[in-house]
Amino acid sequence: MKIQGAVVVNEERCKGCNLCVAACPCGVLALKKKDVNNRGYHYAYMEAPEKCIGCQSCALVCPDACIEVYRVVEK
């Protein structure tokens, strides 16, 4: 049995503060380098989704509550 995590970022609310990227122990998240949201910020996204363990560290440090974390159990 393997637990796979999934991070959903509300891209329009994200202000690109980079706290979630720094908090992730697995190196899953990064900021979009070229794309920006409607407010002009580079937003976070799952750069390496296969590495996510669903620990929720990113969601806990997000000051704007833009992140939801899901866990999927694979048998």
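The lining of the second largest cavity comprises six nonpolar, two polar and two charged residues, where Ala, Val, Leu, Ile, Met, Phe, Trp, Tyr, Cys and Pro count as nonpolar, Asp, Glu, Lys and Arg as charged, and the others, Gly among them, as polar. Its lining residues are C14, K15, G16, C17, N18, C20, C62, D64, C66 and I67. A cavity here is a set of points on a 1 Å grid over the protein atoms alone where a 1.4 Å probe fits but cannot get out, and lining residues have an atom within 4 Å of a point; a volume is the space filled by probe spheres set on the points.

The model is predicted, so that local features need pLDDT of at least 70 and side-chain atom pairs count only at pLDDT 80 or more, whereas totals for chains, interfaces and linings use all residues. Residues are numbered from 1 along each chain as its sequence is written, and side-chain values use heavy atoms, with hydrogens and water left out.

Two cavities of 30 Å³ or more are found in the whole structure.

| Cavity | Volume | Lining by class |
|---|---|---|
| Largest | about 90 Å³ | eleven nonpolar, three polar, no charged residues |

The largest cavity is lined by 14 residues, of which V7, C24, C52, C55 and C58 are the closest to its centre. V7 and C58 are also, with L29 and I67, the residues with the most contacts inside the largest nonpolar core, which has 16 residues.

How values were computed. A nonpolar core is a set of buried Ala, Val, Leu, Ile, Met, Phe, Trp, Tyr and Cys residues joined through side-chain atoms within 4.5 Å. Buried means under 20% relative accessible area, exposed over 50%, partly exposed in between (1.4 Å probe, protein chains only). On a 1 Å grid over the protein atoms alone, a cavity is a set of points where a 1.4 Å probe fits but cannot get out, and a pocket is an open set with protein on both sides within 12 Å along at least five of seven lines; lining residues have an atom within 4 Å of a point.
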